[in-house]
Structures are given as structure tokens and as C-alpha cells.
Amino acid sequence: MSNNTKPLILGISGASGLIYAVRALKFLLAADYEIELVASKSTYMVWQAEQNVRMPPEPLQQEQFWREQAGVALSGKLRCHPWSDVGANIASGSFRTLGMIVMPCSMSTVAKLSVGWSSDLLERAADVQLKEGRKLVIVPRETPFSLIHLRNLTALAEAGVRVVPAIPGWYHHPQTIEDLVDFVVARVLDQLDIDCIPIQRWQGRR
């Protein structure tokens, strides 16, 4: 059970790999974290393309949607925001948070964040974390990286953003797709000192 009183922002952009966000929600809600979720406009299209599932635009229906996807009906707190609501609580630096994760993070989102361009609530919330000196973790899901991608990622890293690519390890002997995904999600949450995923961590040679 989490004793945190400040919420964590989860931004979901229109990159492939929405399973990363779903698995993160599963473990965070089960551990009783409070999540402020914002999905970009492109995320709606990705859900349709990857899962042939329509994500509802209304916040209350979207909350139920994400809980169903994560398989967590009651635990934790989840509040969903429309991508266009730049007047939401998470758009202000006065709204205190544990930080923010953008997972998966598209290269379009990376580019906008690297130059301080906020065209929607996800980007504004991330920009707020930067200006307030809070933790911002991005999970780019693209391959290969172009030189432009690498320069944009470098600019964010220089600004203090933690960049955790969706690259799983293998030393924990994964048996399922979820094992591979959970490894990445656990490493992402490590950046925020959150340990709520039961994965086998490297113990060294014995």
C-alpha cells in the first residue's frame, strides 16, 4: 500500500506500444497510487490500429476503459483528462506531483518537449515538470533513431529528463510478452523510486 499523498502523472502519446502504459497502470493502481492520466489525440488512433478498440473521449468513460484494460477495478485513484484541456490541474506548477511519465513517448512528443512547445495538455504537463524541477521520465518507442531523434533526446537529457527506451533485458529469463514489458516498466518506475513490480533483479554472479 502506498503512503504517497501526491499524484503521479501518466502521459500516453501516440506511439506504438500502449501495453507499456497498461501494465504501468496495473501495478500502480494495485499499489494504491493516485494517477492523473492524459492521453494525446493520436493515442485514440493507435488503440484503433493496434487493438481494434475505441478509446472513449469522455473522462469518466475513459477512466473505466483504462481500469478495464489494466484489470484493476477499485484500487488506487485514477483521473483522466481530455488531451485538449490545457486548463486542467496538471497544467499548473502549483499542482504538486511525484513527477510524470510519458509512456510510450512518440518522437513527435520528444521533439516538441525538446523545444518547449506545448500544443496539448500532455505536452504542457511535461513542460511544467521541467520548469518546476520535478522528475520527468520518457519512454521512447521508436527504431531506428535518426540523428534528429538523438539530438532531441540529448536536449531532454541535458534538461534533466530521464530517458528509458523500451528495451527489455533478458537476464530475468522472460517467459511471456508481459515479462518483457514489465521489465521496462519496472526500470521506468525505478527512476521515481517506485518499487511495485515483482521482477527478478540482477543479483550478480554466485
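Guide: Let us begin with exposure, for which a residue is called buried under 20% relative accessible area, exposed over 50%, and partly exposed in between. Please keep in mind throughout that this is a predicted model.

Visitor: Which residues make the nonpolar surface patch?

Guide: The patch is formed by Phe 145, Leu 147 and Leu 150, and its area is about 260 Å².

Visitor: How should I read the packing of helices, and at what angle do α1 and α7 pack?

Guide: Two packed helices are described by the angle between their axes and by the distance between those axes. Here helix α1 (residues 19-30) packs with helix α7 (residues 177-190) at an angle of about 70 degrees, the axes being 9 Å apart. Angles of 65 to 115 degrees count as roughly perpendicular, and α1 and α7 are therefore roughly perpendicular to each other. As for the handedness, α1 passes α7 in a right-handed crossing.

Visitor: And at what angle do α4 and α6 pack?

Guide: Helix α4 (residues 107-114) packs with α6 at an angle of about 50 degrees, with the axes 9 Å apart, and α4 and α6 are therefore oblique to each other. The crossing of α4 and α6 is left-handed.

Visitor: Turning to charged side chains, how many salt bridges are there?

Guide: Side chains of opposite charge can pair when their charged atoms come close. The cut-off used here is a side-chain nitrogen of Lys or Arg within 4 Å of a carboxyl oxygen of Asp or Glu, and by this rule the count comes to 7 salt bridges. One of them joins Arg 67 to Glu 63, with the closest N and O atoms 3.8 Å apart.

Visitor: How many residues apart are Arg 67 and Glu 63 in helix α3?

Guide: Arg 67 and Glu 63 are 4 residues apart in helix α3, so about one helical turn separates them. Arg 67 counts as buried, because its relative accessibility is 8%, whereas Glu 63, with a relative accessible area of 24%, is partly exposed.

Visitor: Which residue forms a salt bridge with Lys 112?

Guide: Lys 112 pairs with Glu 123, the closest N and O atoms being 3.5 Å apart. Lys 112 lies in helix α4 and Glu 123 in helix α5 (residues 121-131), so the pair ties together parts that are 11 residues apart in sequence. Lys 112 is buried, with a relative accessible area of 18%, and Glu 123 is buried, with a relative accessible area of 4%.

Visitor: How far apart are the closest N and O atoms of Arg 187 and Asp 190?

Guide: In the salt bridge between Arg 187 and Asp 190, the closest N and O atoms are 2.7 Å apart. Arg 187 and Asp 190 are 3 residues apart in helix α7, so they are separated by about one helical turn. Arg 187 is partly exposed, with a relative accessible area of 34%.

Visitor: Finally, how far apart are Ala 70 and Ile 19 in sequence and in space?

Guide: Ala 70 and Ile 19 are 51 residues apart in sequence and, C-alpha to C-alpha, 9.2 Å apart in space. Ala 70 belongs to helix α3 (residues 59-70) and is buried, with a relative accessible area of 6%.

Conventions
Residues are numbered from 1 along each chain as its sequence is written. This is a predicted model: local features need pLDDT of at least 70, side-chain atom pairs count only at pLDDT 80 or more; totals for chains, interfaces and linings use all residues. Side-chain values use heavy atoms; hydrogens and water are left out. Patches are made of residues with over 30% relative accessible area and no salt bridge: like charges are joined within 9 Å, nonpolar side chains (Val, Leu, Ile, Met, Phe, Trp, Tyr) within 5 Å. Accessible areas come from the Shrake-Rupley method with a 1.4 Å probe; for residues, only the protein chains shown count as cover. Axes are lines fitted to C-alpha atoms, for helices over the stretch in contact, and angles run from 0 to 180 degrees between N-to-C directions. Helices (H or I, at least four residues) and strands (E, at least two) are DSSP runs, numbered from the N terminus. Angles under 35 degrees count as roughly parallel, over 145 as roughly antiparallel, 65 to 115 as roughly perpendicular and the rest as oblique. A crossing is left-handed if the near helix is turned anticlockwise from the far one by less than a right angle, and right-handed if clockwise. Buried means under 20% relative accessible area, exposed over 50%, partly exposed in between (1.4 Å probe, protein chains only).
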